[in-house]
Amino acid sequence: MTKISPALLLLLGASSAAYANIDKTPPALRKRLLGKSAKSAKFAKNGKSAKSGKSAKSTKSSNIISKPDPNTPIKDASELASDLRVMLEMGKNFDHGADCSMAEWGLCYTQTLTLEYLGDEDYSDDQFNIYFSSVHRLLQVNHPDFEHHHVVGDLTYIKPTASFKGFGAGTSTELPLVFEFWSVQETDKMPRWFVAMGDSTAVIENTNTEDMHSFVAPYTSTMKTPTDANIPMTAENRFALNEEKVEEVDVSERIIPTPYKIEVTQGGQTFGISGISIEGMALLGDLQIGAKDLMEKLGMSSSGDHEVT
């Protein structure tokens with residue numbers, strides 16, 4: 001690796017990074033730098049500065065990068081993250097009056113993000129970002145104290161603007177948000193939001209969970225458009241549908257593929273199996289209960305002569 005003399009580093013105000021990476025500079029620039037290095041070395045040997053003629057040992061440059069002050073406190077993201085609580089509340093998928101011109105197909109929806117500061121003292125530092133993952137692209141943050149930036153994929157962050165004055169102790173800040181398309185699932189915003197300050201990061205506590213309702217208010221509607229007739233499945237209506245008994249269904253509707261025509265002639269051969277005998281029932285294990293329940297619904301005896309395996 002080609003080296004630059006210490007004298008040249010002082011004259012140029014260069015950092016150790018430039019000294020280590022001189023080989024990465026363009027050839028023409030490297031030649032010029034090395035030429036200056038040779039000239040500067042002569043003055044360094046005589047103990048004189050190339051420009052002023054003063055002792056090189058006493059030469060000072062205001063451009064030299066100084067070492068970090070060990071007394072300067074290092075910012076810790078966990079301090080803010082531990083005092084923040086976030087909550088998202090669904091607005092509307094339509095008829096909200098928001099500007100959707102930046103959205104594909106002109107479709108967007110609104111949500112409100114509440115930042116609740118739980119600290120006992122006011123917080124005034126504005127050098128932080130709040131990162132989160134969203135299925136849909138964030139289009140607008142309609143609050144003068146915050147702005148947003150898309151990182152990559154589903155990752156986005158919001159950060160304070162110049163007008164941000166801090167969080168007051170025990171106060172809440174509501175940020176009206178506009179996202180692309182529509183939202184019908186509370187899981188469209190993912191858990192584990194985190195605060196970043198320099199090289200420090202920390203997860204916001206109430207989002208560090210699989211319980212979505214810890215940071216997303218329950219949705220009251222899943223309509224995407226005014227004419228949306230979809231009925232979301234719940235545990236209750238799914239149970240009601242499954243409660244319908246087999247004998248209440250027309251058997252012709254259960255044959256796959258559906259016969260084009262069904263005709264039973266007078267005196268035609270029929271099957272009159274009223275019961276079966278299951279071989280190897282013990283192999284079903286815990287499924288025996290389900291098998292017996294199904295046979296009861298079909299009105300079949302388990303002590304018949306027709307053997308099945």
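This is a predicted model: local features need pLDDT of at least 70, side-chain atom pairs count only at pLDDT 80 or more; totals for chains, interfaces and linings use all residues.

Trainee: What share of the contacts with a separation of 6 or more joins residues 24 or more positions apart?

Mentor: That share is 69% in this protein chain.

Trainee: Which residues of the largest nonpolar core touch the most other members?

Mentor: The general idea comes before the case. In soluble globular proteins, nonpolar side chains tend to be buried together. In this model the largest nonpolar core has 33 residues, and Leu113, Phe128, Ile130, Phe167, Trp193 and Val195 touch the most other members. Several elements supply at least two residues each to this core, including helix H4 (77-81), strand S2 (108-117) and strand S7 (172-180). A second, separate core has 5 residues, among them Cys100 and Leu139.

Trainee: What is phenylalanine 167 in contact with, leaving aside its neighbours within four places in sequence?

Mentor: Its partners include Leu80, Leu84, Leu115, Phe128 and Phe146. Tyr117, Asp122 and Thr173 are also among the residues that phenylalanine 167 contacts.

Trainee: How many salt bridges does the structure hold?

Mentor: To read a salt bridge, look for a side-chain nitrogen of Lys or Arg within 4 Å of a carboxyl oxygen of Asp or Glu. The structure holds 3 of them. In one, the side chains of arginine 85 and glutamate 116 meet at 3.5 Å, N to O. Arginine 85 is in strand S1 and glutamate 116 in strand S2, 31 residues apart.

Trainee: Which residue forms a salt bridge with arginine 137?

Mentor: The partner is glutamate 180, with the closest N and O atoms 3.0 Å apart. Arginine 137 lies in the loop between S3 and S4 and glutamate 180 in strand S7, so this pair ties together parts 43 residues apart in sequence.

Trainee: Is glutamate 180 buried or exposed?

Mentor: Glutamate 180 is buried, because its relative accessible area is 6% and buried means under 20%. Arginine 137, at 41%, is partly exposed.

Trainee: What does the remaining pair look like?

Mentor: Glutamate 210 and arginine 192 form a salt bridge with their closest N and O atoms 2.9 Å apart. The two residues are 18 residues apart, each in a loop. Glutamate 210 is exposed, with a relative accessible area of 61%, whereas arginine 192 is partly exposed at 37%.

Trainee: Where is the place of glutamine 140?

Mentor: Glutamine 140 is in strand S4 (residues 138-141) and counts as buried at 15% relative accessibility. Residues that glutamine 140 touches include Asp99, Met102 and His148. A polar atom of the glutamine 140 side chain lies 2.8 Å from the backbone oxygen of aspartate 99.

Trainee: Which residues form a nonpolar patch on the surface?

Mentor: Ile255, Ile262 and Val264 form this patch, with about 300 Å² of accessible area together. Isoleucine 262 sits in the loop between helix H5 (235-242) and strand S10 (275-278). Isoleucine 262 is exposed, because its relative accessible area is 54% and exposed means over 50%.

Key
Residues are numbered from 1 along each chain as its sequence is written. Side-chain values use heavy atoms; hydrogens and water are left out. Patches are made of residues with over 30% relative accessible area and no salt bridge: like charges are joined within 9 Å, nonpolar side chains (Val, Leu, Ile, Met, Phe, Trp, Tyr) within 5 Å. Accessible areas come from the Shrake-Rupley method with a 1.4 Å probe; for residues, only the protein chains shown count as cover. Helices (H or I, at least four residues) and strands (E, at least two) are DSSP runs, numbered from the N terminus. Buried means under 20% relative accessible area, exposed over 50%, partly exposed in between (1.4 Å probe, protein chains only). Contact means heavy atoms within 4.5 Å. A polar contact is a pair of N or O atoms within 3.5 Å; within protein, one must be able to donate a hydrogen and the other to accept it, and residues adjacent in sequence count only if both atoms are side-chain atoms. A nonpolar core is a set of buried Ala, Val, Leu, Ile, Met, Phe, Trp, Tyr and Cys residues joined through side-chain atoms within 4.5 Å.
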